[in-house]
Amino acid sequence: MITILSNVIIALLICMIYQYQSKKGRNKNLVYITNKLEQMKASQLSERILIITDDKQLIEMLDMLNQIVNDYQENVRQYKKMKVSMKRMLANVSHDLKTPLTVISGYIEMLQNQPQINEQERVRLLQQVHSKTLELITLMNSFFDLAKLESGDKDIPLEKVNLTEICKNNILLFYEWIQIKGLEVVIEIPENPVFALGNEEALNRVLNNLISNGLRYGADGKMIGLKVFYDETMVYVEVFDKGKGINETEQDRVFERLFTLEESRNKAFQGSGLGLTITKRLVEEMQGDISIQSIPFEKTSFTFSLKRLKK
């Protein structure tokens, strides 16, 4: 009996010592975590909190804290990226507005200061003023359109659309431009209608942006192509050329807001750097996706996909 009682007392003492040590270890870990969080708050550190422990509750808490740290780090990265983008936007907007306004001001000054100017020259100057004014309007509309898309204020209702017909109509709009540039045209569009979930107005804008972009910056390859193909669930539209292309380091950034390439391939709106950004947003609004592949002077293609709808 005394032996049993002694064993019970020893077991209780062991439990008490274990609980004390566990509590002491937990307190030590909590103090370390608290100090680490204070350091992170003070110096904006982004390192993870690492502790070797078997305490399940402590492990769960550490997982949550580290997830918060990861989220914070991502938010900081996005914020820094946005700041750079905003600075670039202000610089681009300032430049893109200043250039046509300076030209317009110069032409108007010539008209005012030279009242005896002949009629032919007067008409030419007024045409230039009109052209630059339209350029400004297009630029401002592009900024407003992107702002509406990103804020969700632009309504893009989705419906069943005949994608083959829309593609044919859009390439025909550029027929004269293609003829003037003397480009080869490669068109691969199914004869039978191919339907997709989309918005006709948005698709016209997307195709206009991609085709004009290919003609403007890929014309040195002497060809422009438009291809429509599909599988059981998706429809794909590819616009391609054989121009100087986009190098691999810039391909991941080409859809970024106001990103402009060294030789301005992305400037689909008189230097605004918004053409491909708006294109991407419109495709995403139609629940689709867009990608780029480019091998200089071999093939540069923009391909977007939409959900296929059967007849």
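Predicted model: local features only at pLDDT ≥ 70, side-chain atom pairs only at ≥ 80, totals over all residues.
Trainee: Let's start with the overall picture. How many helices and strands are there in the protein chain?

Mentor: The chain has 8 helices and 7 strands. It holds 311 residues, and buried residues make up 37% of them.

Trainee: What share of the contacts between residues at least 6 apart in sequence joins residues at least 24 apart?

Mentor: That share is 69%.

Trainee: Now to single residues. Why is T300 called buried?

Mentor: Its relative accessible area is 0%. Buried means under 20%, so T300 with its 0% qualifies. You will find T300 in strand β7, which spans residues 299-309.

Trainee: What makes the pair T300 and S294 a polar contact?

Mentor: The two side chains are joined at 2.7 Å. The cut-off for a pair of N or O atoms is 3.5 Å, with one able to donate a hydrogen and the other to accept it. The value of 2.7 Å for T300 and S294 is within that limit, so the pair counts as a polar contact.

Trainee: Why is Q287 called exposed?

Mentor: Exposed means over 50% relative accessible area. Q287 has 57%, so it passes that mark. Q287 lies in the loop between α8 (275-285) and β6 (289-295). Its phi is near 65°, a positive value in a residue other than glycine.

Trainee: And how do you know that F297 counts as exposed?

Mentor: By the cut-off of over 50% again: F297 has 53% relative accessibility, so it is exposed. F297 is in the loop between β6 and β7, and its phi, near 60°, is a positive value in a residue other than glycine.

Trainee: Which residues are in contact with L210, leaving aside its neighbours within four places in sequence?

Mentor: L210 is in contact with V239, L276, T279, I290, F302 and F304.

Trainee: On to the rings. Why are F229 and Y236 called a stacked aromatic pair?

Mentor: Ring centres must lie within 6.5 Å, and planes under 30 degrees apart count as stacked. For F229 and Y236 the centres are 5.2 Å apart and the planes make an angle of 15°, so both conditions hold. The model has 2 aromatic pairs by this rule.

Trainee: Why are F229 and Y236 called partly exposed?

Mentor: That class runs between the 20% and 50% cut-offs. F229 has a relative accessible area of 31%, so it falls in between. Y236, at 22%, is therefore partly exposed too.

Trainee: What sits over the ring of F195?

Mentor: The charged end of K160 does, 4.6 Å from the ring centre. The distance limit is 6 Å, and the charge must also be within 35 degrees of the ring normal. The 4.6 Å of K160 is within the distance limit. The charged end of K299 likewise sits over the ring of F240, 4.8 Å from its centre.

Terms used:
Residues numbered from 1 in each chain as written. Heavy atoms only, no water. Helix = DSSP H or I, 4+ residues; strand = E, 2+ residues; numbered from the N terminus. Buried < 20%, exposed > 50% of the residue type's maximum accessible area, 1.4 Å probe, protein only. Contact = heavy atoms within 4.5 Å. Phe/Tyr/Trp six-rings, centres within 6.5 Å; stacked < 30°, edge-to-face > 60°.
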